[in-house]
Amino acid sequence: MKRLTALILAAATAFSMTACGSSASSSTAASAADETPASQTSTALSDESADIVIIGGGAAGITAALKAAEADVDIILLEKQGVLGGASAMASSGINAGGSSLQMETETPYTADEFYEYALSWDYGYDRIGYRVVPVREDYAYTFAYNSGDSADYIASLGLDLAASSGSHSIQLADKSQGGFGSLYITALLAELEKYENIDVRTSSPASEILVDENGAVSGVVVDSKDGQYTINTNAVLIASGGYASADSSFFQTYAPEWDGYYSYGAAGATGDGIVMADALGAQLLGMDAITCTTATVGEPNQAGALSVANALKAGSLLVNQNGQRFVNESSGTADMMEAIKAQPDACAYLIVDSATLEQSEELQKVQQAGKLVEAADAAALADALGLDPDALADTLAQLTEGISAGADAFGNETFISDFAQGPYYGVLVKPARRITTGGIVTDGKAQVLDENNNPITGLYAAGEVTAYGAHPLSAATIFGRQAADSMVAFLGK
Ligand SMILES: Cc1cc2nc3c(=O)[nH]c(=O)nc-3n(C[C@H](O)[C@H](O)[C@H](O)COP(=O)(O)OP(=O)(O)OC[C@H]3O[C@@H](n4cnc5c(N)ncnc54)[C@H](O)[C@@H]3O)c2cc1C
């Protein structure tokens, strides 16, 4: 029987910050996380069985379940949070494709061939707008590009009001007043799930291990439910557990040490579980350091729920490092800004504004409401409160005032709306936050998980942010969720 629960999108966050190391109390993450079994009991429950087990209830997992359910198969969809949706429900802008009906109807159609060429060009590094990209296999790129039109048409068929940009791979909501892309998409998918009796959705049910037989073929999944542990015997498993933006320190020490300690602007459930489970079976991993950040946030190390102040930086905020010195044009683009902050002592910075700038920034007002913005009457008091050198900060502010008055800021920032000549001042420690991860499990064009020798692990599939998908996560989740469903149904001979 289905156990669908309502989608919860909001994240309730409380932080305490004092210095670059930052401190303690934090009640982060979607309230859904509260329903996740904290520590599992040792009770062993009876084994069950299913044709297909899907680990993760975001876009990849749900679209896979819906597609597979058209065949004569029994599906169990496991979701570790109390609700479905994952990072997919947080997606803001839209999807990407080539050759969809919407794109082919524009003045300058954008084709699947063009999308394929573009996907083949991905290499390690940042794209035009600061997203980290990784290369993908040719067969992966082929499935991605030539199935992207169908997937976009499928999403449109769910009732989302979409519009395609002419001559571009971008498809966005036509009317954003109804909500964010991801929340509308997931809400539509949840309605679809209700139509199928052969999809058994289990929330608060984290998968903890994928079992294989003596030949290395998938034979089951271990589930740590709140009532105890049980095994689902199955020959086909789809890992759709999302990325690792919110993984803990031990995960990052193992897979991408340089990213340990950053905040997370991603989903609370994006803890890399699928990577760990696949790694244990010898899956090939790629690009684990490919992480897209929200450049400046207020948060807690390795925890979801960071508050973004990235827009405030483009609207007249000052940024200094631990030495009280400026180091970058505060209005720089995403990739430059991230690298600039990462290069500072302890990879952090302090955002400083005056009253006039604070009044213009909703982001900073949220930080203030969360009790995280330090207020001080003058530069010396602010330096004291933030733990910065008072003389250095006073010098920095004086130079800023002088530069703005002379119409030539030393760092070329043209966004300042005041000259910072007078307190009170406000300040807060900021760091980049991990938001989307692009690296992960290597899969082929059929969504099969490959081992280090590029051989498929029998019965094991992966889709979405858990994979090394190149770019455009929500599209990848939908395209390969649906592809994995077809592959699993064919594998089972159904
Ligand atoms: C703020 C924000 C904005 C974004 N905007 C866009 C955008 O505009 N366009 C775009 O393309 N992408 C965007 N993305 C990225 C995109 O939303 C995701 O990468 C993509 O939707 C991931 O889909 P998924 O199904 O692979 O993973 P998810 O949607 O994260 O779903 C994975 C699910 O698996 C569950 N899970 C994890 N571990 C386990 C386990 N052990 N057992 C059971 N369940 C488990 C998780 O709780 C989660 O619900 C954005 C991301 C964020 C954070």
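The structure is a predicted model. Helix α1 packs with helix α5, and helix α3 packs with helix α4. Among the strands, β4, β8 and β7 form an open sheet, while β12 pairs with β1 and with β11. The two residues are threonine 297, which is buried, and phenylalanine 411, which is partly exposed.

**Helices α1 and α5**

- Helix α1 spans residues 59–68 and helix α5 spans residues 181–193; their axes come within 10 Å and cross at roughly 30°.
- Angles under 35 degrees count as roughly parallel, and α1 and α5 are therefore roughly parallel to each other.
- The crossing in which α1 passes α5 is left-handed.
- On the α1 side, the contact is made by Ala59, Ile62, Thr63 and Leu66.
- On the α5 side, Tyr185, Ile186, Leu189, Leu190, Glu192 and Leu193 take part.
- Sorted by class, the residues in the contact of α1 with α5 are eight nonpolar, one polar and one charged.

**Helices α3 and α4**

- Helix α3 (residues 112–120) packs against helix α4 (residues 138–157) with the axes 8 Å apart and an angle of about 150°.
- Because angles over 145 degrees count as roughly antiparallel, α3 is roughly antiparallel to α4.
- Helices α3 and α4 cross in a right-handed sense.
- From α3, the contact involves Ala112, Asp113, Phe115, Tyr116, Ala119 and Leu120.
- From α4, the contact involves Glu138, Ala141, Tyr142, Phe144, Ala145, Tyr146 and Ser148.
- The contact of α3 with α4 holds 10 nonpolar residues, one polar residue and two charged residues.

**The sheet of β4, β8 and β7**

- Three strands make up this open sheet, in the order β4-β8-β7, and their pairing is antiparallel.
- Strands β4 (94–96) and β7 (162–164) are the edge strands, each pairing on one side only.
- On average, neighbouring strands of the sheet are turned by 25° against each other, direction ignored.
- Strand β8 covers residues 170–173 and is joined to β4 by three bridges, the two strands running antiparallel.
- Glycine 94 has glutamine 172 of β8 as its bridge partner.

**Strand β12 and its partners**

- Strand β12 (residues 228–233) pairs with strand β1 (residues 48–49) in the parallel sense, over two bridges.
- Strand β11 (residues 218–225) runs antiparallel to β12 and is joined to it by six bridges.
- A hairpin of two residues links β11 to β12.
- Asparagine 233 of β12 is the bridge partner of serine 49 and also of glycine 220.

**Threonine 297**

- Threonine 297 lies in strand β16, which covers residues 291–298.
- Its relative accessibility is 0%, so threonine 297 counts as buried.
- Not counting residues up to four places away in sequence, threonine 297 touches Tyr263, Ala306, Leu307, Ser308, Val309, Leu429, Val430, Lys431, Pro432 and Ala433.

**Phenylalanine 411**

- Phenylalanine 411 sits in the loop between α13 (390–406) and β21 (425–437).
- With a relative accessible area of 33%, phenylalanine 411 is partly exposed.
- Apart from neighbours within four places in sequence, phenylalanine 411 is in contact with Arg326, Phe327, Val328 and Asn329.
- Proline 257 is 154 residues from phenylalanine 411 along the chain, and the C-alpha atoms of these two residues are separated by 32 Å.

Key. Residues numbered from 1 in each chain as written. Predicted model: local features only at pLDDT ≥ 70, side-chain atom pairs only at ≥ 80, totals over all residues. Heavy atoms only, no water. Axes fitted to C-alpha atoms, helices over the stretch in contact; angles between N-to-C directions. Helix = DSSP H or I, 4+ residues; strand = E, 2+ residues; numbered from the N terminus. Parallel < 35°, antiparallel > 145°, perpendicular 65-115°, else oblique. Left-handed = near helix turned anticlockwise from the far one by under 90°. Contact = heavy atoms within 4.5 Å. Nonpolar A, V, L, I, M, F, W, Y, C, P; charged D, E, K, R; others polar. Pairing = 2+ DSSP bridges. Buried < 20%, exposed > 50% of the residue type's maximum accessible area, 1.4 Å probe, protein only.
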